[in-house]
Amino acid sequence: MNSQSQSQSQRRKNFKIEAFKHKVELDPKYAERTWKVLEHAIHEIYNNNASRLSFEELYRSAYNMVLHKYGDKLYSGLVATMTAHLNKIAKSVESAQGGLFLEKLNHKWADHNKALQMIRDILMYMDRSYVPTSHKTPVHELGLNLWRDHIIHSPNIQARLQDTLLDLVQRERTGDVINRGLMRNITKMLMDLGSSVYQDDFEKPFLDVSASFYSGESQQFIECCDCGSYLKKAERRLNEEMERVSHYLDAKTEVKITSVVEREMIANHMQRLVHMDNSGLVNMLIDDKYDDLSRMYSLFKRVPEGLSTIRDVMTSYLRERGRVLVTDTERLKDPVEFVQCLLNEKDKHDKIISTAFNNDKTFQNALNSSFEYFINLNNRSAEFISLYLDDKLRKGLKGASEEEVEVVLDKVMMLFRYLQEKDVFEKYYKQHLAKRLLSGKTVSDDAERSMIVKLKTECGYQFTSKLEGMFTDMKTSEDTMLDFYAKQSAELGDGPTLAVQILTTGSWPTQPTAACNLPPEILTVCEKFRTYYLGTHSGRRLTWQTNMGTADIKATFGKGHKHELNVSTYQMCVLMLFNSADGLTYREIEQATEIPALDLKRCLQSLACVKGKNVLRKEPMSKDISEEDVFYFNDKFTSKFVKVKIGTVVAQKESEPEKQETRQRVEEDRKPQIEAAIVRIMKSRRVLDHNSIVAEVTKQLQSRFLPNPVVIKKRIESLIEREFLERDKADRKLYRYLA
């Protein structure tokens, strides 16, 4: 079986077709005669007389010539005949005058292509059998090559063609209307002849001439136009070139010609454009020129270093503008206005980035880093942002919808994120929230809680745990007072009504507790409450914070005018003295109440110096309180309101000593946080050098504040003293953790 199949396959391999053994005799003049017929046919085709030819007979003649080994004669005859015709065509094209030159060339090219198609059909057999085996050029390609060599590269045509094409482009650039269809046919001809022909004979000179044209035009524009107008012209030129490519140039030319325009009109003038007097980038930013900015962004994006040029100028402008804003002494007088300015700046530039800069992340980052830079130049930014929130949550957001409240809070949170000293903000926010809660002056609990949720999301539970504790205390106090009055109402009788808020010491901002002498009527009720509370809760201690309370008192003035006065606890203590005296000196009031001097002066100022609220009269009359002043009950006080609220003249911002005290408290609070971070790091690393500890501590704490390296060093020293760490014996800069 095996040997049989082998012999079969052997036979298959040896099988081949052989030529006839006997020789076919041909007429010696056969080849010449047949070629003459074919040559005549080619002449007729070029002379547009092809309709009289029999293509079938011609095909058979060419077929027989190749079959009888006359392919060489046929091929060389074809080359000679076509060359002769093309030389005639060249002369005809050369003789064409002016605008007819391209028309004639285009017309002759169309004829040549048609002739080539017919010739290829006749010589199809030669194309398929003789050409590949003899390594000759196929008929169609041969026709193109001959056209290239004898027409396009003819000494009298080549330069003229190039000049004519470039002149037409130039005329179109200067506003003339040209025959785009004709241009498209000619450039298509060059492309059909091979990409190198199109590139060498047209594209390269076209790009060189364009570079020179746009170099001159850009120079001319930049001298006479402002930045916005220049960019419009550059954009128009860029669009024109892209349109030109789509109409009559090779698609691959687009990237080359646009890069010429970009280089000559944009890249070479970037610095001059962005810094142009009265119209450059900074002026566009100031005047909200969204269209111009968008145009600059899209044009500069096309060139290397374009966007970074815009970004750098924008950043330096923002930093300088921000620096001026946060150090402007006039603006610093009003914290709410100060923060509103910052928010307006942020909104303005956010809109520019989203509208004109395509919401580019790198621009957003530049904006954020600029804001972070200048907000932290002012060490009162944290306090002012808290004061702004205080203003909004007291009254500014009254009547606002839930969505509007959220928008305001989100904007403030954005500024909060820029703060390096978030713990300072926390200190102030706690103080302001405490005052809002205790005075009942908050727009809504929902807005307050929403803010706390945002802070918690941003900074974690520890940041807001005490703030949440303040809300818990307020609710607990309500329940406690209900219980107190339910159990004590019989004993209290018709005395003053008391509303106590019991504050957990750790949750609320610590206040210096200066004792103040309360009127006897109030003292009695306070003592009853103290007895009740300490009886209900064992192991607790109550300290009255008289500086934080308010009171409603009824007063009768001259002619029996009665008013209900809403005052602070301090103001109540002062006013109650006038039930038993008509006039009192500053010193007598100070002695009787023991209110701290600074608070007493503010208190008397609001009772005697504020028009429409002056329930006391002072001599001599002046805006400020001095220790020699004498105060009288103002019998002549009138008001169209029955209820009169007498606010305390209060400094919205902290005074310098208060500021120092807050700063000191912040620094003290930071010490344990820095120590805890050092211990955490050393516990996991065991051994670490000084610089690495500083870097790690800064990294861990930067979400709350930027720790000072000097303070970190002091905390390390303190931990070494308390034997949490030790210095390495050999290398003093290395620290070891002691378990």
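P620 is located in the loop that connects β4 (616-619) and β5 (630-633), where strands are DSSP runs of E of at least two residues and helices are runs of H or I of at least four, numbered from the N terminus. The peptide bond between E619 and P620 is cis, with omega of about -10°. The model is predicted, so that local features need pLDDT of at least 70 and side-chain atom pairs count only at pLDDT 80 or more, while totals for chains, interfaces and linings use all residues. Residues are numbered from 1 along each chain as its sequence is written, and side-chain values use heavy atoms, with hydrogens and water left out.

N278, in the loop between α13 (270-274) and α14 (281-286), has a phi of about 65° and is exposed at 69% relative accessible area (buried is under 20%, exposed over 50%, partly exposed in between, with a 1.4 Å probe and protein chains only). E305 likewise has a positive phi of about 65°; this residue lies in the loop between α15 (290-300) and α16 (306-326) and is exposed, with a relative accessibility of 58%.

Among the cysteines, C516 is buried at 10% relative accessibility, whereas C459 is partly exposed at 23%. The sulfur of C516 has its closest cysteine sulfur in C573, 3.6 Å away, which is too far for a bond. A disulfide requires a pair of cysteine sulfur atoms within 2.5 Å, and by this rule the count is zero.
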